[in-house]
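Please keep the sequence and the coordinates at hand while reading.

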Amino acid sequence: MLQLRKSQDRGRADHGWLKAKHTFSFADYHDPEHMGFSVLRVMNEDRIQAGKGFGTHGHQNMEIITVVIEGALEHKDSMGNSTIIKPGEVQKMSAGTGVRHSEYNHLQNETTHLYQIWILPDRAGYEPSYGQKNFSTETEKDNLTLAVSAIGQGGPIEIHQDIKLFLGNFSQDTKIEYPISPNRNLWLQVISGEIIVNNTVCQQGDGLAVSAETKLFLEDKRQTSQFLLFDLP
C-alpha cells in the first residue's frame, strides 16, 4: 500500500525568521491523522533566515537527524559539541536522558534550508551522543547511499532504533529496484525533483508511506532529483 502525503497538504508555520512545513503534527500544527509513521515522528522542512535560529532548548529520548540542503547551520550543545553543518552533511543527536542545544544560521546573507527528522528510540534512558558526517563526496550517484542505521548495522552514523536512512541522488532516466524485507515499512521524502515510485509520482516536498509491499521501483524520468528513503520497522 502506498499513501502519498502531498507537499501542499503539510502543516505550515511562519514566524518571520523561520518558515516551516510539517509533514506530521508538530508544535501548533495538530492533525490526528498525521501523527507520524512507524517510528518516524517528525519530518520538518525548515528555512531559517540569515542571522537567526533556535536558542538553547532541551530534548529527551529522541533520535534527531538534521540534513542541510542549502546554507549552513551552527550547532552547539551541552555535550560540548560546537560544529557547522553544511550541505551534503548529515547530523544526528541522540538526546537520551537529556541534552540542550542551539541551532543558528550564522550566515549573514543566505537562508538555511534543512530537514529535521525525529525518530523514536527503541527505549528511553540512553546516554546522549552526537555524530556528523559529510557525504558530499561519497553519495553514490544514481543509487542509494546508506547514511544512518541502527547500531551495528553498518551505517556511518548510528542511532538507537532499527532503521536505515538512505540518501538518493538520481539523474534523468535512472531506475533502480529496492527489495523490502517482510514486516518493514518505508517512507520516501522528496527533497528536489520528481521520483516515480511503483507508478506513483512524487514531487518536491512530497512524502510517500509504503507498507505491505515487497519491492520498490524508483525511477527518475525527467530531471535530477534528491530524496531521503527510510526503511523502518
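Strands (E, at least two residues) and helices (H or I, at least four) are DSSP runs that are numbered from the N terminus. The model is a predicted one, in which local features need pLDDT of at least 70 and side-chain atom pairs count only at pLDDT 80 or more, while totals for chains, interfaces and linings use all residues. Residues are numbered from 1 along each chain as its sequence is written, and side-chain values use heavy atoms, with hydrogens and water left out.

**Overall fold**

- The chain has 22 strands and 0 helices; its radius of gyration is 17 Å, close to the 17 Å that the globule rule gives for 233 residues, so the chain is as compact as a globular protein of that length. The radius is taken over C-alpha atoms, and the rule is 2.2 Å times the number of residues to the power 0.38.
- Taken along the principal axes, the box that the C-alpha atoms fill is roughly 45 × 40 × 40 Å.
- Of the contacts (heavy atoms within 4.5 Å) between residues at least 6 apart in sequence, 70% join residues at least 24 apart.
- Buried residues make up 50% of the 233 residues, where buried means under 20% relative accessible area, exposed over 50% and partly exposed in between, with a 1.4 Å probe and protein chains only.
- The chain exposes about 10500 Å², of which carbon and sulfur atoms supply 44%; such areas come from the Shrake-Rupley method with a 1.4 Å probe, and for residues only the protein chains shown count as cover.

**The largest pocket**

- A pocket is an open set of points on a 1 Å grid over the protein atoms alone, with protein on both sides within 12 Å along at least five of seven lines, whereas a cavity is a set of points where a 1.4 Å probe fits but cannot get out; lining residues have an atom within 4 Å of a point.
- About 300 Å³ of space lies in the largest pocket, a volume being the space filled by probe spheres set on the points, which are joined across faces, edges and corners.
- The lining is made of 19 residues, and L18, F26, A27, N44 and F54 lie nearest the centre of the pocket.
- At least two lining residues come from each of strand 2 (11-14), strand 3 (18-22), strand 4 (40-48), strand 5 (53-59) and strand 11 (112-119), and strand 5 gives the largest share, 4 residues.
- By class, 8 lining residues are nonpolar, 7 polar and 4 charged, with Ala, Val, Leu, Ile, Met, Phe, Trp, Tyr, Cys and Pro counted as nonpolar, Asp, Glu, Lys and Arg as charged, and the others, Gly among them, as polar.

**The loop between strand 3 and strand 4**

- A27 lies in this loop and counts as exposed at 67% relative accessibility; its phi is near 55 degrees, a positive value in a residue other than glycine.
- T23 also has its place in the loop between strand 3 and strand 4, but is buried, with a relative accessible area of 1%.
- Leaving aside neighbours within four places in sequence, T23 is in contact with R5, R10, H34, M43, W187 and Q189.

- Q132, in strand 12 (residues 129-134), is partly exposed at 28% relative accessibility, and its contacts beyond four places in sequence include T83, E89 and I157.
- N198, in the loop between strand 18 (194-197) and strand 19 (200-203), is partly exposed at 21%, with a positive phi near 50 degrees.
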